[in-house]
Amino acid sequence: MTKRRMAIATIALLIANFMGGLDATIVNTALPAITSDLNGIRLIGWISSIFLLGTAVTTVLWGRVGEVIGNKITFQISVILFIASSLVGGLSTNMVMLIVARALMGIGAGGMISIPFIIYADLYANPAERARALGWVTAFYTLSTVVGPLIGGWLVDTLSWHWVFFINLPIGLISLFLLQFSYHESKREETQTHFDYWGSGLLISTLIILLFASDAIASSLVRTFGLLVMGLVLMVIFYQVEKRQKSALIPVELLKNWRIQSQNVIMFLINGFFIGYSVYAPMWSQGLLGTSATLGGLTQIAGSILLLIGTRYTAHLMSKLSYKKIVMFGSFSVLLSALAMVMATQFAPYWWLLISGGFNGLGMGLSFTPMQVSLQDGVRRDLISVSTTFGLLFRTLGQTFMSAIFGAILSLSTARQVGGRITTRMINKLTDADTARSLPQDLLPQLRTILYNGMHLIMLIGFILVVIAIVINLTRKEPVKQPR
């Protein structure tokens, strides 16, 4: 394949990556308009959660489908599903129709996010070149998260909320067109002729039950425990089934390979804190410091810029240092971010949040690329696909599970502290700069203390997650690079 075709194919994949990242932020911007138009405040949470659920449970499945029919056609199917369901979402006339569309978009996103990483391994055999390509992936995703709110606000103000979904159609079609005429998949020996339906069903059931268990923490510990036990039992059954499958969804030898799986656990843990900062730093800024929504959103800017710098610089470090050392530097940077948030008092200045976000972004940028490359180079060629998608699954689950758990923790913490004149409704109003103005001024100090206690507990748990990740990284052995 010529360098020109490689460049065009890479651009096609980056455009799809940009579209996925754009969706994550642009839809959130339109939620108030959607709620008002479709009278959907009771179901509004499902718009995000059903999308994440669809993405999480299908990430590995798309990788295995790619082994059966080819990665190029699998990627194209996932993009077509994403843009077709986006069209349905834009045409939705009620919340149920929109939620179904978001579920299908999440399923499409699972392939649209995971399959490109497998294609990059085919396009760029050299680890340093692949690291540079992954740096562009992060750059495009970061750019999309920065411009997403601006584009979303402009579309809602000038057109309507429907266009935050319609915009995916031209972007997706450009990606499909460019990839079709630039990328020709390498011929390789067929590694998968049978799709593991039993394993797929068990994996999906296990993840759905465990996700609902995480969400149930805020409402019923008994239900949480019951769902957790059910999920763990299904996990054991899944393992036993995979041991007997000739073409397993996730080969047992990969599950037993601690050198590979230790990196997945590390990604789960540091992504857990990453989502905690991403969600609650803007709330900290608005609720505790009384800033505007714009300044709340800008708490992510320093992290986004340093995430890009860290990812781009990693390609140079990988030729000089071991992957494990680079991950250690990244993990310590995330640890500094978590420590800053744990040490932050209720009256910590705004710039303290920016510094914490900067360390968080830099650490994530340094950590992700070497682990992703190692997940591919540390396994046999026939396991590259499943190792890649399984790693991305852990990354997604770290954010999905911990997002649900952190939300439950904040809800429980708030419920234990309210009483008298203080209500949960007041705490909800405090988290938004506009609605906070309607609160009684004499109650603001007490309200902010309640909110601070809940968010401080979240940051403390996030700090513990990062410490565990560092301990695992210190004690693990790096995967041995396999010949190609």
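This is a predicted model: local features need pLDDT of at least 70, side-chain atom pairs count only at pLDDT 80 or more; totals for chains, interfaces and linings use all residues.
Reader: How should I read the packing of helix 14 and helix 19, and at what angle do they pack?

Author: An angle between N-to-C directions counts as roughly antiparallel when it is over 145 degrees. Helix 14 (residues 323-343) and helix 19 (residues 444-475) pack at an angle of about 160°, with their axes 9 Å apart, and therefore helix 14 is roughly antiparallel to helix 19. On the side of helix 14 the contact is made by residues including Val327, Phe332, Leu335 and Met341, while helix 19 contributes, among them, His456, Met459, Phe463 and Ile470.

Reader: Is the crossing of helix 14 and helix 19 left-handed or right-handed, and at what angle do helix 11 and helix 19 pack?

Author: The crossing of helix 14 and helix 19 is left-handed. Helix 11, residues 258-289, packs with helix 19 at an angle of about 160°, and their axes are 9 Å apart, so that helix 11 is roughly antiparallel to helix 19; the crossing of helix 11 and helix 19 is left-handed.

Reader: Turning to polar residues, is Ser92 buried or exposed, and which backbone atoms lie at its side chain?

Author: A residue counts as buried when its relative accessible area is under 20%, and Ser92, at 2% relative accessibility, is therefore buried. Ser92 lies in the loop between helix 3 (71-90) and helix 4 (95-123), where a polar atom of its side chain lies 3.1 Å from the backbone oxygen of Gly89, and a polar atom of that side chain lies 3.4 Å from the backbone nitrogen of Leu98. Not counting residues up to four places away in sequence, Ser92 touches Leu38, Met97, Leu98, Trp161 and His162.

Reader: Where does Thr224 lie, and is Thr224 buried or exposed?

Author: Thr224 lies in helix 9, residues 221-244, and with a relative accessible area of 11% Thr224 is buried. Leaving aside neighbours within four places in sequence, Thr224 is in contact with Ala213, Ala216 and Ile217.

Definitions and conventions:
Residues are numbered from 1 along each chain as its sequence is written. Side-chain values use heavy atoms; hydrogens and water are left out. Helices (H or I, at least four residues) and strands (E, at least two) are DSSP runs, numbered from the N terminus. Buried means under 20% relative accessible area, exposed over 50%, partly exposed in between (1.4 Å probe, protein chains only). A polar contact is a pair of N or O atoms within 3.5 Å; within protein, one must be able to donate a hydrogen and the other to accept it, and residues adjacent in sequence count only if both atoms are side-chain atoms. Contact means heavy atoms within 4.5 Å. Axes are lines fitted to C-alpha atoms, for helices over the stretch in contact, and angles run from 0 to 180 degrees between N-to-C directions. Angles under 35 degrees count as roughly parallel, over 145 as roughly antiparallel, 65 to 115 as roughly perpendicular and the rest as oblique. A crossing is left-handed if the near helix is turned anticlockwise from the far one by less than a right angle, and right-handed if clockwise.
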